[in-house]
Amino acid sequence: MSKPSRLQLVIAFHEPLSRNDDDLEKIWEEGYAPFISRLGELKIKAAVHFTGHLLDHLAHRREDQLLQIKRLVQAKQFEVLGGLFYGGIPSLLPEVDVRGQVQMMTEYWESVIGKAPQGVWLPELAWCAEVPRLLADTGLAYGFVASSQIALRPDPMFSLVVVERGDQSLPAFMLDSELSAALANSELMGWQTRVEALAKMQGNLVTVWISAGALVEAAASDTEVIDRFFDAFSNLAMVLPQESFALKPRASAVRLHPGVAPELCPTEPRLDFDDFAFRSRAVDSLSRRMLRVSKKLYEAISSMEDEELEERWSDVLATAQRAIFAAQSPDPYVHSDDAEGEVLRAAAIAKLIHAESLIDSLVQGSGDWLVTEEEDADSDLHNEVFVGNRYFSTWISPVTGGDIRSIDDRINNINLLVPIGIAPNKICTVSQRILDPQTSANIFFNGQERDLLTGLHEWVIKSSGIDEQDNCAYHIELETKAELENSPRILTINKQISIPIDAAELRLNYKVQLDKGSAVLLALDIPIRLPNIPNIILYNDNELALESSGEFSEAKTILFNTDSGSLKINILPAYTVWFKLVEDRIHLMPIVKVNQQANCSVCIIWKAKAPAGEATSVSSITNVDLSLNEGALENQL
């Protein structure tokens, strides 16, 4: 008599970092809570995985739901899966962060249900060849890998496989991709028959998975989808992975398909993970910022240990570490350069800005301070300069003429530079262009302008550093001599960037000389994203109606006021400024006509208003308590 077919079900409860507590509460109350209750009522066994952003919310506001999960685990109806607390893609993260997140997840569930998870779940099924090594000695005994991700031997097929890396290996239950997709899409005609047929081929055990979020979302437009989901399991024997693994089933050693799995990035051919991390400008910038802040954290931890500052520093560094881990969640890296991806990456960048502010405030101490660091963060073999004070920080690229790649408001935790959208075909930096004098605002904002600077010029750093003898401001001076396009004319540009110690202020001074020929336009490109839509615009101290585009003539000062702060642009002498306004995005272009020579000074000043109930100084931010009554959740440094 043949053994009965058994089915393992994995349900992933994942919510992106961009969801606030009110959003999560609504999703949980209206979708996840009744879904979990019904799973319990129908005695359906399931392995469940929750990402850290949702677990943080439950710890803050829904301990009752954590206790319900604990009861289901104790009844051997649920099995919770571990892994990286915020679900990062292991191949994109520093190894120390991978292990730190695994430890954080283990400690969380130990505090809630009294024991550590045995199984590991990787959101987006983000397996790479290094996973067995990265998870070695973590206490995790098995994982789940999709059939689309592994190169199986043609015969026989197994329900459990072993992924190997050198002398390290990790058993993994093979998820059937086709059956999982059919379950997710409610294509359940003959579903049980297909499960039973497949089970006979692989030891009478089949494993499938589904996203709880996708199921609940589908139920909003199809009220019967949840019923069909539960009907699919009515006549099947359900089993937990820990029960199956305890039986020590036979396993087949396999190798992974090279590159990113189709579940993570449906492109052909498969991308290498390195290419995946830097496949677009927005993802590239986020990845590099994450790696840099993570490195700063562990340098600070090393300093803390060397100088025996644990009592003063450990809580704050634990908070910074949690913020970095949260920024490593997969969603901001997976989504493309669209509106959803932008929101997700803004949420991740907010966490990184917060973490770096905490670290810098600890290291620099009380009072005003200014810190500069040089590092080749973008791997172009040239150092960039990172300058920050307690109010904001900047990322400057001297090799490209002092382009400013980020302006971080450390009070509201946002990057004030537009990532995409208002100028989708342009690299969003504060930079300069040399334009034909016939260029207009309309031509520029339609992307039809032509930069007259050739690619054959080189910027020279004349000086760089903090002026400790004067006002302790940071200054960098750059100079280039460039031949203009299709012309023997030589243009000399001297550019100085200054950042004070005590304000969110950026001053750009230009001296431009043209050796001969007709005039050109020096255009300063300033793409800004404000925290909110501006409610007041002042031009030379006169209030203007909000318009989508146009130009300010003889502009000395332009001010955009929002609920979170005000952006002021001072220009000396007065020049024409082109502008384009799309909701909270402002693209400003001060225009200087250069006959033989011209000087220009532009000062960008951001005055942030702290969110209600919060202090304006980042040094006042202390550790966030994310503990449960049953035990602390903080990761041990």
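The model is predicted, so local features need pLDDT of at least 70 and side-chain atom pairs count only at pLDDT 80 or more, while totals for chains, interfaces and linings use all residues. Residues are numbered from 1 along each chain as its sequence is written, and side-chain values use heavy atoms, with hydrogens and water left out.

Start with helix α6, which spans residues 177-184. Helices (H or I, at least four residues) and strands (E, at least two) are DSSP runs, numbered from the N terminus. In α6, Leu179, Ser180, Ala182 and Leu183 are buried. Buried means under 20% relative accessible area, exposed means over 50%, and partly exposed lies in between (1.4 Å probe, protein chains only). An α-helix has 3.6 residues a turn, so residues three or four places apart point the same way.

What covers this buried side? The cover over the buried residues of α6 includes β1 (6-13), α7, β8 (205-211) and α9. Contact here means heavy atoms within 4.5 Å. Now look at the ends of the helix. Asp176 caps the N-terminal end of α6. One of its side-chain oxygens lies 3.3 Å from the backbone nitrogen of Glu178. A polar contact is a pair of N or O atoms within 3.5 Å; within protein, one must be able to donate a hydrogen and the other to accept it, and residues adjacent in sequence count only if both atoms are side-chain atoms. After α6 comes Ser186, with a positive phi near 55 degrees.

Next, the aromatic rings. How many aromatic pairs does a search of the whole structure find? It finds 25. Rings of Phe, Tyr and Trp (its six-membered ring) pair if their centres lie within 6.5 Å; planes under 30 degrees apart count as stacked, over 60 as edge-to-face and the rest as tilted. One of the pairs is Trp191 with Phe233. Their centres are 5.7 Å apart, with 85 degrees between the planes, and the pair is edge-to-face. This pair links distant parts of the chain, 42 residues apart. Trp191 is in helix α7 (residues 191-201), and Phe233 is in the loop between α9 (225-231) and β9 (237-238). Both Trp191 and Phe233 are buried. Phe233 also pairs with Phe229. Here the centres are 5.0 Å apart and the planes stand at 75 degrees, so this pair is edge-to-face. Phe229 is buried, as is Phe233.

Rings can also have a charge over them. This is counted if NZ of Lys or CZ of Arg is within 6 Å of the ring centre and within 35 degrees of the ring normal. Arg292 lies over the face of Phe386, 3.7 Å from the ring centre. The charged end of Arg405 sits over the ring of Trp395, at 4.2 Å from its centre.

Now the cysteines. A disulfide is a covalent bond between the sulfur atoms of two cysteines. The rule used here asks for a pair of cysteine sulfur atoms within 2.5 Å. By this rule there are zero disulfides. Cys472 is in no disulfide, and the nearest cysteine sulfur, that of Cys603, is 18 Å away. Is Cys472 buried, partly exposed or exposed? Cys472 is partly exposed, with a relative accessible area of 28%. Cys128 is buried, at 7%.

Ser431 lies in strand β16 (residues 431-435). Its relative accessibility is 7%, so Ser431 counts as buried. Leaving aside neighbours within four places in sequence, Ser431 contacts Asp403, Tyr510, Ala523, Leu524 and Asp525. Leu344 is in helix α15 (residues 339-364). At 4% relative accessibility, Leu344 counts as buried. Not counting residues up to four places away in sequence, Leu344 touches Pro16, Ser18, Asp331, Pro332 and His335.

Finish with the backbone. A cis peptide bond joins Leu572 and Pro573, with omega about -10 degrees. Pro573 lies in strand β25 (residues 565-582). Glu583 is in the loop between β25 and β26 (585-594). Glu583 has a positive phi of about 55 degrees although it is not a glycine. At 58% relative accessibility, Glu583 counts as exposed.
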